[in-house]
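Keep the 3D view open as you read.

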Amino acid sequence: MTTPAHPAAMEFLLARRSRPAKLLADPAPDREALAPILTAALRVPDHGKLEPWRLIVLEKPALRRLAAAAQARGEALGLEARDIDKVVAQYADSPLAVAVISAPKESPVPRIEQQHSAACVCLSLVNAALASGWGASWLTGWAIHDATFRREALDLAEGEEVAGVIHIGTARSAPPERPRPDVAALTTWLAE
């Protein structure tokens, strides 16, 4: 049995382009519109069927709280104002975001494979949002890599990490196309 071709899906994948978070605005998808996007995002490789991830949907009030927490944490760490401001704006200006939490389980499946599964959720979430007509961008930043910020702002459990924060909204404009990788230069073919 052969897998059916989906030319429209392939065309989408070859043309897909994240929309920078700073170009996203309201409206964002409501809960009903977001449900199929989240459902599609969780259809990822998951060795052992562990579901080693979870999602935190960040609506406007939560995003404002995270912006304030990032401001306070950045100042406490003595970071440069520009570095603090960049992360604060990432949360304060976002119409909606979904934090993808890597939540590895005790299992013979290596932790790294479980983390890769969470990263797959991030990319699937961006692609599902784009395929649904929304703008989307996968961001990280110093705040989500800070254990104190993760624990206090997102109430993460020990061992959980943020794989990415996916910002979703209406794209105000399309970004210019950027150079793409040279497939031939980055591909090695082994025949034996």
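Start with α3 and α4: Lys-60, Leu-63, Leu-66, Ala-67, Ala-70, Gln-71, Gly-74 and Glu-75 of α3 touch Ile-84, Asp-85, Val-87, Val-88, Tyr-91 and Ala-92 of α4, where contact means heavy atoms within 4.5 Å. By type, the residues of this contact are nine nonpolar, two polar and three charged. Here Ala, Val, Leu, Ile, Met, Phe, Trp, Tyr, Cys and Pro count as nonpolar, Asp, Glu, Lys and Arg as charged, and the others, Gly among them, as polar.

A word on ground rules: this is a predicted model, with local features needing pLDDT of at least 70 and side-chain atom pairs counted only at pLDDT 80 or more, while totals for chains, interfaces and linings use all residues. Residues are numbered from 1 along each chain as its sequence is written, and side-chain values use heavy atoms, leaving out hydrogens and water. Helices (H or I, at least four residues) and strands (E, at least two) are DSSP runs, numbered from the N terminus.

Two packed helices are described by the angle between their axes and the distance between the axes. The axes of α3 and α4 (residues 81-92) cross at roughly 170° and come within 7 Å. That makes α3 roughly antiparallel to α4 (the label is for angles over 145 degrees). Axes are lines fitted to C-alpha atoms, for helices over the stretch in contact, and angles run from 0 to 180 degrees between N-to-C directions.

Helix α3 (residues 60-77) also packs on α7 (residues 147-154), at about 150° with the axes 10 Å apart. So α3 is roughly antiparallel to α7 as well. Arg-65, Leu-66, Ala-69, Ala-70 and Arg-73 in α3 meet Thr-148, Phe-149, Glu-152, Ala-153 and Leu-154 in α7, a contact of six nonpolar, one polar and three charged residues.

Now for the backbone. Most residues other than glycine have a negative phi, and most peptide bonds are trans. Asp-26 and Pro-27, though, are joined by a cis peptide bond, with omega about 0°; Pro-27 sits in the loop between β1 and α2 (31-41). Glu-51 has a positive phi near 50° and belongs to the loop between α2 and β2 (53-58). Asp-155 has a positive phi too, near 55°, in the loop between α7 and β5 (161-171).

Notes
Angles under 35 degrees count as roughly parallel, over 145 as roughly antiparallel, 65 to 115 as roughly perpendicular and the rest as oblique.
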